[in-house]
Amino acid sequence: MADRKGERNRIKIRMRTAMSSQAQLQGRYLGGRPPYGYQIADAGPHSNPSKAATGQRIHKLQPDPVAAPIVQRIFTMYVDGMSDNAIAAQLTRDGIPCPSTHDTTRNPPARRPHGSRAAVRAILINPRYTGYEVWNKQRKEERLLDIDDVTLGHRTTMTHNPAADWIHSNEPAHAAIISTDLFNTAATTRKARAHAQGRQERAGKHGARPYALRGRVRCSLCGRKMQPATIRNHVYYRCEFKDQEQAHYPDLTHPRTVNLPEDIVCRALDQWIARAFTPDRLTATIEALTHASAAASTAQTHTPEQAQARQAIKDCERRLARY
């Protein structure tokens with residue numbers, strides 16, 4: 001059993017090596033569904049004499065006269081500033097079918113009659129439209145149906161490989177639909193938009209609006225931290241007490257929602273700070289701040305037992321990550 005499996009793996013490696021060389025050195029079309037915008041054409045007898053003697057022929061990609069202009073239009077619209085969703089919506093309004101609907105002989109009936117964001121994105125990131133052959137974009141993976149019962153066999157699934165593992169032909173292998181410059185411009189535009197979107201998401205995550213008392217306000221009823229929220233351009237600190245929490249604390253009288261306006265608290269704090277730093281109270285305030293800092297430093301020091309427990313947790317996390 002092990003010998004058969006080892007021989008199978010060796011055959012698989014030899015086949016993948018040969019196909020990689022054919023794609024990179026010869027630009028050979030190695031089969032599969034042609035990308036939207038292309039169709040399969042005959043390229044003559046097979047280069048292997050024995051296969052040519054049996055009538056086998058090789059194939060190549062050639063532009064589809066109907067779909068190729070749509071690909072050019074998609075790249076142009078994207079570079080001009082339209083998003084994937086906007087392009088898909090525009091194609092839908094124009095009645096242009098999606099790739100699966102366009103090639104019904106090779107694809108099952110599509111559930112959507114027109115374009116989608118995923119289809120537009122797949123076109124925009126496919127380098128084969130520049131005329132170069134690309135292979136190894138996907139691979140087959142065999143996964144056990146049940147790791148506790150290996151006799152049930154495997155399930156074969158297709159998995160996308162990272163772009164660094166793709167094999168590109170050294171020379172153009174078929175007619176290009178778009179220029180290399182246009183493809184690179186679209187790729188640069190996608191990276192710039194992703195970077196800008198990431199900045200916006202990070203700004204939204206950390207809060208575009210500053211909250212002066214974030215994490216410092218606690219509810220006097222339940223003792224939990226109150227969460228900041230903006231309602232009609234006014235900042236509040238909110239404590240929500242849901243029904244399931246009410247069931248756990250039946251003796252606690254707590255409104256469903258408590259909203260504390262920030263401006264009221266800040267005005268009171270400003271008045272208190274102004275009194276605390278008056279000349280006659282300045283010395284006492286500084287001594288109180290000093291004692292508070294010393295108490296905080298003492299609280300942050302850990303006992304030997306706590307330090308040992310923290311180190312044990314770190315060791316467990318490191319072993320789990322290695323596993």
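Two strands count as paired if DSSP finds at least two bridges between them. Strands β7 and β8 (residues 234–240) meet that condition, with five bridges in the antiparallel sense. The model is a predicted one.

- Three strands make up an open, antiparallel sheet in the order β7-β8-β9.
- The edges are taken by β7 (227–231) and β9 (257–261), each of which has a single partner strand, so one side of each lacks a neighbour in the sheet.
- From one strand to the next the twist averages 40 degrees.
- Helix α9 (residues 262–276) packs on this sheet and touches β8 and β9. The direction of α9 makes about 50 degrees with that of β9.

**Strand pairing in detail**

- Arg-238 has Asn-259 in β9 as its bridge partner.

**The two faces of β8**

- In a regular strand, side chains alternate between the two faces of the sheet.
- The covered face of β8 carries Val-235, Tyr-237 and Cys-239.
- His-234, Tyr-236, Arg-238 and Glu-240 lie on the uncovered face of β8.

**Helices α3 and α4**

- Two packed helices are described by the angle between their axes and the distance between the axes.
- For helix α3 (residues 68–79) and helix α4 (residues 84–93), the axes come within 10 Å and cross at roughly 140 degrees.
- Angles over 145 degrees would count as roughly antiparallel, so α3 is oblique to α4.
- The crossing of α3 past α4 is right-handed.
- On the α3 side the contact is made by Ile-70, Arg-73, Ile-74, Met-77 and Tyr-78. On the α4 side it is made by Asp-84, Ile-87, Gln-90 and Leu-91.
- By class, the residues of this contact are six nonpolar, one polar and two charged.

**Asp-64**

- Asp-64 sits in the loop between β2 (57–63) and α3.
- Its relative accessible area is 10%; the cut-off for buried is under 20%, so Asp-64 is buried.
- Leaving aside residues up to four places away in sequence, Asp-64 touches Gly-37, Tyr-38, Gln-39, Pro-69 and His-102.
- One of these contacts, Tyr-38, is 26 residues from Asp-64 in sequence, with a C-alpha to C-alpha separation of 4.7 Å.

**Arg-193**

- Arg-193 lies in helix α7 (residues 180–206).
- With a relative accessible area of 26%, Arg-193 is partly exposed.
- Residues up to four places away in sequence aside, Arg-193 touches Tyr-78, Gly-81, Met-82 and Ser-83.
- Tyr-78, touched by Arg-193, is also one of the α3 residues in the contact with α4.
- Ser-83 is 110 residues from Arg-193 along the chain, and their C-alpha atoms are separated by 9.4 Å.

Definitions and conventions
Residues numbered from 1 in each chain as written. Predicted model: local features only at pLDDT ≥ 70, side-chain atom pairs only at ≥ 80, totals over all residues. Heavy atoms only, no water. Axes fitted to C-alpha atoms, helices over the stretch in contact; angles between N-to-C directions. Helix = DSSP H or I, 4+ residues; strand = E, 2+ residues; numbered from the N terminus. Parallel < 35°, antiparallel > 145°, perpendicular 65-115°, else oblique. Left-handed = near helix turned anticlockwise from the far one by under 90°. Contact = heavy atoms within 4.5 Å. Nonpolar A, V, L, I, M, F, W, Y, C, P; charged D, E, K, R; others polar. Buried < 20%, exposed > 50% of the residue type's maximum accessible area, 1.4 Å probe, protein only.
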